[in-house]
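Hello,

My notes follow below it.

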Amino acid sequence: MSLSTLDWGIILGFFIVFTIIGLVVTKRAGKNTKEFFLSGRNMPWWLLGISMVATTFSADTPNLVTDIVRQNGVSGNWAWWAFLITGMLTVFIYAKLWRRSKVVTDLEFYELRYSGKPAAFLRGFRAIYLGVIFNVLIMASVCLAAIKIGGVMFGLQPWECVLYASIITVIYSTLGGLRGVIFTDFLQFIVAMVGSVWAAYYIINLPEVGGLEAMLSHPNVSDKLSFLPDFSDNESLIVLLIIPIAVQWWSVWYPGAEPGGGGYIAQRMLSAKDEKNAIGATLLFNITHYALRPWPWILIALASLVLYPELTDIGAAFPNTVLGHDLGYSAMLTKLPAGLLGLVLASLIAAFMSTISTHLNWGSSYIALDFYQRFVKPEASEKELVTVGRLSTVLLMIFSACVALYLTDALGTFQILLQIGAGTGLIFILRWFWWRVNAYSEISGMIVSFLIALYFEFVHDSIGPEIAGHYQLVIGVVLTTLTWIVVTLVTRPVDTDKLVSFYNAITPYGNGWNGLKRKAKEESLQLNESRDNFTADLGSMLLGILLVYTALFGFGYALYGNAVGALVLLSITAVSGYGIYRLWRNKKGATNSSAS
């Protein structure tokens, strides 16, 4: 299809604005590593929270949601909705702990928590494993979305899409560091939300779709609307709801939803002014990410079932693109008028740049600080480390673009990433609260989960019976979890002095530190008292989960025309929010009283 002059003007305007932002902050970003990778540790909660949301609104996210809805209905989104539990755990339990650690990257945590050569090895290995291998796969999945959008909207070949997208993003990412990323994230989020809501409204009211009521009653759509899977279909119930809620959220490492926080979410928390801003940022992120943002994508996905009910229908309409159900989103965007199309495309390009630039900055921080400075040149100057970070940015983008050319669909890539991280999540939760977790726990869990993922991806189909992907995930979780727990119990604990230093810096709560407390007492070592109230934090977490889910489904009922259901659920949302406010107000009052 051809874009109008107005569309091109809007897209060009965004490129100019983003480049100006990068140029304005480039001098400050290049001062030192804390500026380039943590924006000086002085970011407010609202800006960081919006940045987290913008980063997770990558160009591939609408494609993923469309893929899920077309194949499994609205209830299929529990595959990622379940990660809200992880998110609220991070908000009320881990955000303050990360901020207290005062590390520059989350991998620096390893030598804060563990001791000796195993800790150093783990930090260096994870820098390459996460910062390069895993990060490249994530960015490649985002580049795949650029390939599909570019193929449908601009008629570009896959190699052209990744080439143009890579050049633009690398130039922008190397200029402004994290500060530039955060500032442009704010603009990108506003435009993206306006564009997606406006696009959903326009598409639903197309004559061939017939309006919201007609769309929802259409035979291709009506059986896709339920928030929950069919309870009479055991297989569907297990796949779509039970595994995500009972297993996936705590056991799987996934970028943006890491159990215990981590990755670029931890990077944002470490950039906050203080603990309060870190908590506020992650709370804003989870509310917006799960409750507010999904519905425009879901509605466009449902509309695509009216116009393109089968995959072959999409293939017939767009024969020269990489075919998959995720292409349904881009197909519907071709129906937008001039101006709105340019706005939506600009927002998707901005979303691509936001996500990729975040991953580039995050990955390059691992390479520069956790690998180069730690193991190659400890005496490297701040300027040299920033240079290494910028060079790493270029190389990571090249590798990601190459890998993207071999991927085919968003949902398949999502499932591969889940399988690779299966079984490691519980380590990241417990390492803050169980003194026996050590570097060998993480090393063994990481190796076993990766080998199991490779086995199922490349070996099992040729030698064993067919096993569905969701059962592969459960097998990976069970084997990996058992392995790292056994390894933890048969290996030596972390040195007592290191554990005492970590405990006194973080002051975590929980009975999981009783073993250390006994050893410290025997050796006459002083441990600080925990400054947190676990009951209040757990209560806030549960209320936060209730708040977001009732808001998510309350908005859904409102769109479905169920006014009573919407009123009931949104009332629960308001009560939950008030409950969180009261818990935190009482907690603050108790803290002030004890301090005085």
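**Loop residues and buried sites**

T507 counts as buried, at 2% relative accessibility. Buried means under 20% relative accessible area, exposed means over 50%, and partly exposed lies in between, with a 1.4 Å probe and protein chains only. This is a predicted model, where local features need pLDDT of at least 70, side-chain atom pairs count only at pLDDT 80 or more, and totals for chains, interfaces and linings use all residues. Residues are numbered from 1 along each chain as its sequence is written, and side-chain values use heavy atoms, with hydrogens and water left out.

T507 sits in the loop between α24 (496-506) and α25 (514-522). Helices here are DSSP runs of H or I with at least four residues, numbered from the N terminus. The phi of T507 is near 50°, a positive value in a residue other than glycine. Most residues other than glycine have a negative phi. S524 also has a positive phi, about 60°, and is not a glycine. S524 lies in the loop between α25 and α26. At 68% relative accessibility, S524 counts as exposed.

T491 belongs to the loop between α23 (469-490) and α24. T491 counts as buried, at 19% relative accessibility. A polar atom of the T491 side chain lies 2.7 Å from the backbone oxygen of V487. A polar contact is a pair of N or O atoms within 3.5 Å; within protein, one must be able to donate a hydrogen and the other to accept it, and residues adjacent in sequence count only if both atoms are side-chain atoms. Leaving aside neighbours within four places in sequence, T491 is in contact with R436, N438 and Y440. Contact means heavy atoms within 4.5 Å.

**Around α12**

How many of the residues of helix α12 (residues 263-270) are buried? The count is 8 of the 8, so α12 is largely enclosed by the rest of the structure. The buried residues of α12 include Y264, Q267, R268 and M269.

Two residues in the loop between α11 (234-251) and α12 deserve a look. P255 is in that loop. At 8% relative accessibility, P255 counts as buried. P255 touches F134, I138, Y264 and H359, not counting residues up to four places away in sequence. P255 and L216 are 39 residues apart in sequence, and their C-alpha atoms are 33 Å apart in space.

E258 lies in the loop between α11 and α12. E258 is buried, with a relative accessible area of 2%. E258 and F428 are 170 residues apart in sequence, yet 8.1 Å apart in space, C-alpha to C-alpha. Beyond its neighbours within four places in sequence, E258 is in contact with T86, T90, W253, G263 and I265.

T90 is in helix α6. T90 counts as buried, at 5% relative accessibility. A polar atom of its side chain lies 3.4 Å from the backbone nitrogen of G261. Neighbours within four places aside, T90 is in contact with A95, E258, G260, G261, M269 and T282.

How do α6 (residues 83-101) and α26 (residues 534-560) pack, and at what angle? The angle is about 145°, with the axes 9 Å apart. Axes are lines fitted to C-alpha atoms, for helices over the stretch in contact, and angles run from 0 to 180 degrees between N-to-C directions. Among the residues that meet are L84, M88 and F92 in α6, and M541, I545 and Y549 in α26. The contact divides into 10 nonpolar, 2 polar and 2 charged residues. Ala, Val, Leu, Ile, Met, Phe, Trp, Tyr, Cys and Pro count as nonpolar, Asp, Glu, Lys and Arg as charged, and the others, Gly among them, as polar.

**The core**

The largest nonpolar core has 179 residues. Such a core is a set of buried Ala, Val, Leu, Ile, Met, Phe, Trp, Tyr and Cys residues joined through side-chain atoms within 4.5 Å. W81, Y94, M215, L302, W432 and Y549 have the most contacts inside this core. Helix α8 (residues 116-153) gives the most to this core, with 20 residues. Y94 is in contact with L89, G260, I429, W432 and F433, leaving aside its neighbours within four places in sequence.

Best wishes
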